[in-house]
Amino acid sequence: MIRAAHSIALLAIWPAIALSETGYDAWLRYAPVTPSAVQLYTRLPAAVFASGASPVFQAAQQELVRGVRVMLGKTLHIESRLSSRDAIILATFDALPGVVPGVSRPPSAVGGSYLLKTLARNGHFILLIAGADDRGVLYGMFALLRRMALERDIENLDEFASPYAPVRWTNEWDNLDGSIERGYAGRSIFFENGHVVADLTRARDYARLLASIGVNGCTVNSVNTDPRTLTSAFIPELARIAEVFRPWGVRMSIAIDFSSPKSAGGLDTFDPLDPRVAGWWKQKADEVYRAIPDLAGFVLKADSEGRLGPSAYGRTHADAANLIARALKPHGGLLFYRAFVYDHHMDWRNPKNDRARAAYDNFHPLDGQFDDNVVLQIKHGPIDFQVREPVSPLLGALVRTNEAVELQITQEYTGQQRHLCYLVPMWKQALDFDLHASGRVTYVKDLVSGRTFQRPAGGFVGVANVGLDTNWLGHDLAMANLYGFGRLAWDPNLSAQEIADAWTRQTFGQDALVVETIVSLLMESWPVYEAYTGPLGAGTLTDIIQAHYGPGIESSERNGWGQWHRAGADGIGMDRTVATGTGFIGQYWPFVARMYEPLADCPDELLLFMHHVPWTYVLHSGKTVIQHIYDSHYDGAARAQTYADRWRQVRGRIDEPRYQAVLAKLEYQAGHAIVWRDAVCDWFLRTSGIPDARGRVGHHPGRIEAESMSLDGYAVETVTPWETASGGKAIGCLQPSCSASFRFEGNSGLYDLAVQYFDEHDGVADYTMTVNGRIVFEWQANDTLPSDQPNGHTSTRKTARGISLRTGDEVRIEARPDRKDHADLDYIEITPAPAR
C-alpha cells in the first residue's frame, strides 16, 4: 500500500515540474524519478540525524530534504538526536565512534573524502553519509542525490570516494563594473557599477552548483583586475560573497594586481624585494583575512598582456610570487601565479620567435625557487585555449614546484556558447597525456594533482565566467562543460561519455531517445567544431585581434601576438622542430619529443603546430594538406547541419522552453558553420592557388549574390576581412528602407531559401521576404553578436522552409535599417526542400 500511494504521488507531481523549466537549476533539477524506479527507494529512511551543526552541515541537511521531496514526493524529518529507528546519518569520520560504532575512518581519506554506506543495526536500516570533514559530508550527500537522480540502487551501498587533487577551483573573469571578460551569458552575478551586487542569491546558488560537483574554490574577479579590489573600502563587500559561499564549502579567492602597493597603497614602488612592499602585502593580507578568515588565497597575472609585474624592477617571477605567498602563509592561503606570460609584441619576421616557448622559457629555470604555498597555474596548451593544441611542456618540466592545469569552460575560442562544443573530450586527451617526465610514465592529471612528485598543493582550475543569463552559460547544452569540469577535477579517470550521460539524465531526464540524442550531439561536437574551424593544429583561425569568435584567418599573421600559422605560397605551419625551427619540441622530455620532431611520425592532428609543410604534403590519411583542409571544412559544416533535425526528435519529450532555446542555437550554428567553411576554404584557395579536387570551393550552385540582385536603395559594399562575405562583398542600406529582388530561374517546386545577412549589435534591422508580393518570411536582426560591422562575427543565416516557387517568380527582400545596422545582405541560397 505504501508503494502504491507513493507512486500515485509521484505521478501527480511529475507533469507540473516538467512544464516549468528554465535551466536555472541545471543538473540539480531533482526531477521526480520514473514510476518504475520508485521501488529502489522504498527503504529510504524518513529521519535525518546530523552529528554537526556547522553551516555546511545545515546546507547538507536542507539539500537532502529538498532533493528527496522533489524526486520522491517524500518529506524527510530532521532529528535533533539519534533515535533507535531507521535513519539517514550525516557525520564526520571523527564522529563515527560515537554515532555508528564499528565503522572506522577509511585509511586513505583526505580532505573532502566521503563514505556512503548502508548498515543494518538492531533491525533498523541505517544510511550513513560520512565525510573526512564537513565538506566531505556535503559531497557525500550530493553523491547520494546524484545516484537517486540517475535512478541507481541505494540499498546496498559501500562507496568511498576521495578528490583526486586538493585544488578544484573556478576562475570568474568578472570586472567590478559588471562586465565579464570572455563571458557569453550576460553580466556578472557578483558585481555592478563598481560594487558587489546587493542581491547575492545567484552567487549563493552558483556555490551550490559548484559544491554538487566537488568544486571547492572560486576566484570571483578578473585576472586583469582593478586595484580597488584590495582597498579597505572594498574588502567588506567581498566578504559578503564569501559569506554566501561558506555554507556550500566553496572558499572564495581574489585576483590581485601586482602593482597594488603603488597604484592603491600609497607607496612609490612595488619592487618585490623592497621591504616596504613586503610589509604592505603582509598588512593587506592580515586585513583581508580579518574580514574573510577562510579566504582560499590570491590569483596573480603579472608581466602578461600589459599587466605590470616583477620585470619592471628586473626581478623574477619567483621573487614576485614568494613576496605575496609569504604574506598569505600564516593564514593558510595559496598564491596562484599564472604562467600565461609572453611577449605580445614579438617580431613576426624572425622565424625563431615562438610564443609557444614562452611559459617554459619563463618558468622552467625557476623550478624549485617557489615557496610551497605557490601554485603555478598553467594553461593546458602552450598558446591560448585553441580548438587543438599539444599539452604544454611546462606541465611536465616542474619537479619541485606546485602546479595546476588551467582549463577554459567558457568557450572563448570554441564558439562562445553559440556553437555546441563539449570540451570534456579535449580535456581528457590533455589530462591523460603521458609527458614522460623524468623518463617514466607521468600523466598530466598526476603531475598537476601533485601525485607524481609528491607536491603539497595542486590541481585543476576552470575559467567558467557564468553570468546573469537564466541558464548560467547562455546555452543549455554548454552547462555540460561546467558539470564536466567539476567531475573531472574530482576524478579525472571518468570518461567523457559517462560524464555526458550522467549530466544529460540529471538535466533532461531519463527518456532513452533524449539521452541518446544529447549524448551523441555532445560527443561529436568538439571534432565537428574543429573540422569546420581550425585544421591540423593550425589554431582556431578566428579573429584573434578582436572578438575571438568568427573567422578571421589573416588576423593571426604578421603581428606581434604570436599565433601565426605561417601560410604562404610555399605551404603552411610553424616549424617548431629542434633541427630547423624554433626548438619548441625540445622543451618536451625526449620520449614526447620523438613523437613530434620527425615529420613522418608527427600526428596529423598536430602537424601544422609542429611543422611547416608544402600544401601538397601527404598526410597519414593519404590526403594532401590542402585537400584535407577543404574536405574537413565541408564535412564539419555538413555534420553541423544535422544537429537541428536530430534535436527536433526530442520535441515533446523535454520541456518546450529549453527545447526551443536549444533548437535556435543549433539552427544558428548550422548557418555559422557555413560561414566558417566558406571563409577558411576561400582564404586557403587564394593563398595556396590549388583548387579543390572535388570542385566545391568557390562554386555555390543555387546561391544568388546580393550584389547581383536588382537593388532599390541598397548599395554594394566591400566586407573586411574579404573572406567573411561571399565574393568579398555585401549590400547595405543607407535609406529608411531598401529592397533587393531577383527572378527565380529554377524548376517549379518546394524550396528552402536561406538568407545570409549581417546581424550587427548596433541596431535591430527588420527584414521581410516576399514571393510575388506575398509575405513568406519575416525576421529581425536582434541577436547580440560581438561586432558592429559586417564580418565573420555577424554573418548569420535565416531559412524560410518549404516555400513554393515557380519559374519566373519574383523573390524580394525588403529591409528597414535601424540606427547603425544597415540591414546588410550577403546572399540567398536556394535548395530543394527535403521531405519532412
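Guide: A compact globule of 836 residues would have a radius of gyration near 28 Å, and the protein chain agrees because its own value is 28 Å (taken over C-alpha atoms; the globule rule is 2.2 Å times the number of residues to the power 0.38). This is a predicted model, where local features need pLDDT of at least 70 and side-chain atom pairs pLDDT 80 or more, while totals for chains, interfaces and linings use all residues. Residues are numbered from 1 along each chain as its sequence is written, and side-chain values use heavy atoms, without hydrogens and water.

Along its principal axes, the C-alpha trace spans about 85 × 75 × 55 Å. The chain holds 19 helices and 27 strands (DSSP runs, H or I of at least four residues and E of at least two, numbered from the N terminus). Of its 836 residues, 62% are buried (under 20% relative accessible area, 1.4 Å probe, protein chains only).

Now for the close look: helix α14 (residues 496-508) and helix α15 (residues 512-532) have axes that come within 9 Å and cross at roughly 135° (lines fitted to C-alpha atoms over the stretch in contact, with angles from 0 to 180 degrees between N-to-C directions). In α14, the residues meeting α15 include Ala500, Trp503 and Phe508, and their partners in α15 include Val515, Ile518 and Leu522 (contact means heavy atoms within 4.5 Å).

Conventions. Buried means under 20% relative accessible area, exposed over 50%, partly exposed in between (1.4 Å probe, protein chains only).
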